[in-house]
Amino acid sequence: MSENTAFQAHNDKFHCILGPSPTINLLHQNDAYPFAHEAGIYIQSAKSLFITSNRCIDANTKAQKIQITRIDLSTNPVTVEELDPQIPMGNGGVNYSDAEILICGQGNLNEPSGLYTMSTRAPYTSKLLVGDFLGRPFNSVNDVVVHSDGSIWFTDPIYGFEQGYRPKPQLPCQVYRYSTADGSIRAVADGFGRPNGICFSPDEGTVYVTDTDRHHGDGTDDPHRVSSIYAFDMSVYSGQPFLTNRRLFAMTNNGIPDGIKCDMEGNVYSGCGDGIHIWSPGGVLLGRIRIEGGCANFCFGKKGEIFALNEHRLWRVQLGSHVKGALLGI
């Protein structure tokens with residue numbers, strides 16, 4: 001991919017993010033199946049990356065599977081290790097501790113949808129952390145982020161049912177907060193078509209949620225439906241956090257805004273139909289990192305690195321070395 005065409009500025013402030021010599025390089029390609037779709041969890045200490053594939057459907061049995069993969073970034077070329085941690089239909093994920101990560105298990109017809117922990121070291125053991133809302137099964141948990149107070153925030157759209165591997169939904173499409181301190185769980189935002197990506201601003205005062213209602217689980221698109229990012233203020237009442245002042249933050253003009261992250265300056269990045277779009281904290285489109293075929297999700301590495309998941313391809317983008325992802329701050 002030509003670096004001259006990979007970076008498209010819509011605002012002069014984008015050049016500050018890019019730095020003097022932005023680059024984009026292909027790290028790995030697998031034409032056999034779309035191995036690079038979701039999650040994107042960077043482990044600095046191990047120089048590794050955990051990702052989840054898109055749906056893989058067996059031609060004979062029609063069984064559906066999602067493959068979880070560990071990418072060793074310390075080798076050249078990178079080393080790819082396919083894992084089998086028993087997480088049903090894994091999707092989004094996030095750093096959790098030095099020894100574990102969190103992965104959203106969308107579930108299947110026999111195993112629950114929920115949040116799963118997974119060891120970052122072999123044999124990559126996993127366990128279900130939370131698998132229902134007060135006894136009612138989740139639809140197909142999609143993406144997750146961890147607050148500095150230890151609470152876990154996640155989205156739950158209906159893609160699993162639409163794609164035939166989850167039962168009929170028993171809950172609305174909502175955003176949830178799970179407290180690891182006392183085990184309580186709350187619905188904190190509703191009114192979405194298909195809530196998808198979620199992240200915090202650097203100061204955790206704002207929560208961003210993408211709504212991918214334009215794209216349905218059967219593969220069809222309805223341009224009349226939203227493909228937008230909503231912002232909420234984090235407010236505290238009676239000692240508990242609430243999401244208030246819901247507002248439209250941005251709408252993408254290409255595809256849907258899927259995975260979402262912030263940098264330490266508060267700029268908002270989201271994987272869209274033609275790559276990664278970047279907005280200012282005030283919702284102004286600054287520019288885009290163009291990737292043919294789009295980018296469902298991505299994650300920051302260190303010093304301006306971005307690892308972009310492009311289905312059959314994994315890309316490494318280098319922005320200005322001063323750019324730091326808000327999640328890890330490196």
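Predicted model: local features only at pLDDT ≥ 70, side-chain atom pairs only at ≥ 80, totals over all residues.
**Entry 1: Ser-179**

Leaving aside neighbours within four places in sequence, I found Ser-179 in contact with Ser-151 and Ser-184.

Next I looked up where Ser-179 sits in the chain. Ser-179 belongs to the loop between strand 17 (174-178) and strand 18 (185-189).

Is Ser-179 buried or exposed? I read a relative accessible area of 7% for Ser-179. Buried means under 20%, so Ser-179 counts as buried.

Then I checked the side chain. A polar atom of the Ser-179 side chain lies 3.3 Å from the backbone nitrogen of Ala-181.

**Entry 2: the largest pocket**

I turned to the open spaces. The largest pocket holds about 570 Å³ of space.

Which residues lie nearest the centre of the largest pocket? I noted His-37, Asn-54, His-215, Ile-256 and Asp-258. They belong to a lining of 28 residues.

I sorted that lining by class. The largest pocket has 14 polar, eight nonpolar and six charged residues in its lining.

**Entry 3: the second largest pocket**

I wrote down a volume of about 330 Å³ for the second largest pocket. Its lining has 21 residues, and the closest to its centre are Val-145, Val-146, Phe-200, Ala-326 and Leu-327.

I then asked which elements give two or more residues to the lining of the second largest pocket. The list is strand 3 (38-43), strand 9 (90-95), strand 15 (144-146), strand 19 (195-200) and strand 23 (260-262).

I sorted this lining too. The second largest pocket is lined by 14 nonpolar, four polar and three charged residues.

**Entry 4: the cavity**

How many cavities of 30 Å³ or more does the structure hold? I found one. About 100 Å³ of space lies in the largest cavity.

I looked at what surrounds this space. The largest cavity has 13 lining residues, and Lys-261, Cys-299, Phe-300, Leu-327 and Leu-328 lie nearest its centre.

Which element gives the most to the lining of the largest cavity? I noted strand 3, with three residues. Strand 27 (297-300) also supplies at least two residues of that lining. Strand 3 was on my list for the second largest pocket as well.

My last check was the classes. The lining of the largest cavity has seven nonpolar, five polar and one charged residues.

Note on methods:
Residues numbered from 1 in each chain as written. Heavy atoms only, no water. Helix = DSSP H or I, 4+ residues; strand = E, 2+ residues; numbered from the N terminus. Buried < 20%, exposed > 50% of the residue type's maximum accessible area, 1.4 Å probe, protein only. Polar contact = N/O pair within 3.5 Å; in protein donor to acceptor, adjacent residues only side chain to side chain. Contact = heavy atoms within 4.5 Å. 1 Å grid on protein atoms, 1.4 Å probe; cavity = no way out; pocket = protein on both sides within 12 Å on 5 of 7 lines; lining within 4 Å. Points joined across faces, edges and corners; volume = space filled by probe spheres on them. Nonpolar A, V, L, I, M, F, W, Y, C, P; charged D, E, K, R; others polar.
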